[in-house]
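Please keep the sequence and the structure in view while reading.

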Amino acid sequence: MRSSMFGLGCFGLSLASAVLWACGGSNTSGFTNPDGGGSSGSGSSGSGSSSGSGSGSSSSGSGSSSGLGGNVNDAGSSGTTTTSTTIYAHTDTILYQLDPKSQAVTQIGTFTGLGGATGDDSITDLAVNAAGNLYVNSETVVYTAALPSGGTGNVALTKVASISNAKSQYFYALGFTTKDALGAGTGEVLIGGDGNGELWAIDTSTGATKDLGSFGADPGNSSNVLALSGDVVFYTGTSGPLGLATIRSCSTSNGKNTCDGASDFLAGIDMAAMATAYSSGTPAATLNAGIYGSPSPSATGPGIGYKDVFGLGAWNGTVYGFTRSVTGVPASLVSINTSTGAGTLIPESVSITSGWSGAGVTTTVTVSIPNPPAPPK
């Protein structure tokens, strides 16, 4: 089910490297975050091995380790290391994996274990923490997701908590912040985005939510607001914690939000404002840190050139957007230029009839994405 207010869905990238480590920590704001741990799965070659959960371990030399989403092979005395990474993506009901080098997409399996009630009958997004644990959400519930042991097959869901917020909005976007991005000792915090474009911190133990703010007014159209189009993702950037979002301009006239613009926009998330909102309990006036490709703080710019960009992710220095299928336009994968903000179509190796719905990115990823230009005044 999609929001009648925004037609909102989400997609992102799960760059789940097997080089995983604990990124837990105490939470000084009363929210419980999932504990970190070692990578799941095991493997061996030569004299080295890595296995287990909890804190995890690996030995050097000629060994290899495998875990959730990828593997790393240590060449031993040669001193070279090769890392392969899996990108997870999904529709409302099926999980896929994407090779970021070949861009080949293959199906993993169908989600099983959804509650089936209204607001809990399809998956809207996916997030991966530093330990490689997969979390997914429907509009009203957060689940953990277990990958099939054989590589393909059903993806079993286990309910973590029901989620709701004070504004009675359903949840669509999902992503973990990087460790302590919202303050010392906060660890990784699960962030959800709702149908009004508001971002919320989610307690993974109780489902309790804390309002962090929205993206504020459209600087180029005073009668519109900048609403969340589909996804939020968090990385370690070249100058610290980096948050990205796809947003769009929406009218609030007649008590209804209408989002009929020709393009979505790639925006930065103001991580300092989010951290202040998290610690103080007062939502930020705006979380918009600036729009990529904007000619000035008082304008949004031309945008991505695609609308309904419900998914977002990055690999090295490239930002990717994934669209939902709309009338006359099939689901698309685009690369987004961080200088111009424009998207370029990338041919896909699989046909997704209904469009992409969600995914997530592990918080251990470091990307070379520049900060956005100056935010609106």
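Predicted model: local features only at pLDDT ≥ 70, side-chain atom pairs only at ≥ 80, totals over all residues.

Both phenylalanine 322 and tryptophan 356 are buried.

**Aromatic rings**

A pair of aromatic rings is described by the distance of the centres and the angle of the planes. Three aromatic pairs are present in the structure. Tyrosine 96 is buried, at a relative accessible area of 9%, and tryptophan 356 is buried at 1%.

Tryptophan 356 also pairs with phenylalanine 322: the ring centres are 5.9 Å apart and the planes stand at 90°, so this pair is edge-to-face. Phenylalanine 322 lies in strand S25 and tryptophan 356 in the segment after S27, so the parts tied together here are 34 residues apart in sequence. Tyr96, Phe322 and Trp356 form one aromatic cluster.

**Threonine 323**

Threonine 323 is likewise a residue of strand S25. Is threonine 323 buried or exposed? Its relative accessibility is 3%, so threonine 323 counts as buried. The side chain of threonine 323 reaches the backbone nitrogen of serine 332 at 2.8 Å. Leaving aside residues up to four places away in sequence, threonine 323 touches several others, among them Asp308, Ser332 and Trp356.

**Salt bridges**

Side chains of opposite charge can pair when their charged atoms come close. How many salt bridges does the count come to? The count comes to two salt bridges, and they are set out in the table.

| Salt bridge | Distance, N to O |
|---|---|
| Aspartate 92 and arginine 324 | 3.1 Å |
| Arginine 248 and aspartate 308 | 2.9 Å |

The side chains of aspartate 92 and arginine 324 meet in one of these bridges. Aspartate 92 is in the loop between strand S8 (81–90) and strand S9 (94–98), and arginine 324 is in the loop between strand S25 (318–323) and strand S26 (333–336), so the pair ties together parts that are 232 residues apart in sequence. Aspartate 92 counts as buried at 17% relative accessibility, and arginine 324 is buried with a relative accessible area of 11%.

The side chains of arginine 248 and aspartate 308 also meet in a salt bridge. Arginine 248 is in strand S21 (residues 240–251), while aspartate 308 is in the loop between strand S23 (288–291) and strand S24 (309–315), so the pair ties together parts that are 60 residues apart in sequence. Arginine 248 counts as buried at 4% relative accessibility, as does aspartate 308 at 13%.

**Positive phi angles**

Most residues other than glycine have a negative phi, and most peptide bonds are trans. Aspartate 308, although not a glycine, has a positive phi of about 55°. Aspartate 180 is not a glycine either, and has a positive phi of about 60°. Aspartate 180 is placed in the loop between strand S15 (171–176) and S16, and is partly exposed, with a relative accessible area of 29%.

**Helix H1 and its surroundings**

Helix H1 covers residues 271–280, and its buried residues are Met271, Ala273, Met274, Ala275, Ala277 and Tyr278. These buried residues pack against a set of strands that includes S20 (221–237), S21 and S22 (265–269). At the N-terminal end, aspartate 270 caps H1, with a side-chain oxygen 3.2 Å from the backbone nitrogen of alanine 272. Just after H1, glycine 281 takes a positive phi of about 80°. The charged end of lysine 210 sits over the ring of tyrosine 278, at 4.5 Å from its centre.

**The five-stranded sheet**

Which order do the strands of the open sheet have? The order of the five strands is S19-S20-S21-S22-S23, with antiparallel pairing. Strand S19 (217–218) and S23 stand at the edges with a single partner strand each, so one side of each is left without a neighbour in the sheet. S21 and S22 pair in the antiparallel sense over five bridges. Threonine 246 stands opposite leucine 266 in S22.

Key. Residues numbered from 1 in each chain as written. Heavy atoms only, no water. Salt bridge = Lys/Arg side-chain N within 4 Å of Asp/Glu carboxyl O. Helix = DSSP H or I, 4+ residues; strand = E, 2+ residues; numbered from the N terminus. Buried < 20%, exposed > 50% of the residue type's maximum accessible area, 1.4 Å probe, protein only. Phe/Tyr/Trp six-rings, centres within 6.5 Å; stacked < 30°, edge-to-face > 60°. Lys NZ or Arg CZ within 6 Å of the ring centre and 35° of its normal. Contact = heavy atoms within 4.5 Å. Polar contact = N/O pair within 3.5 Å; in protein donor to acceptor, adjacent residues only side chain to side chain. Pairing = 2+ DSSP bridges.
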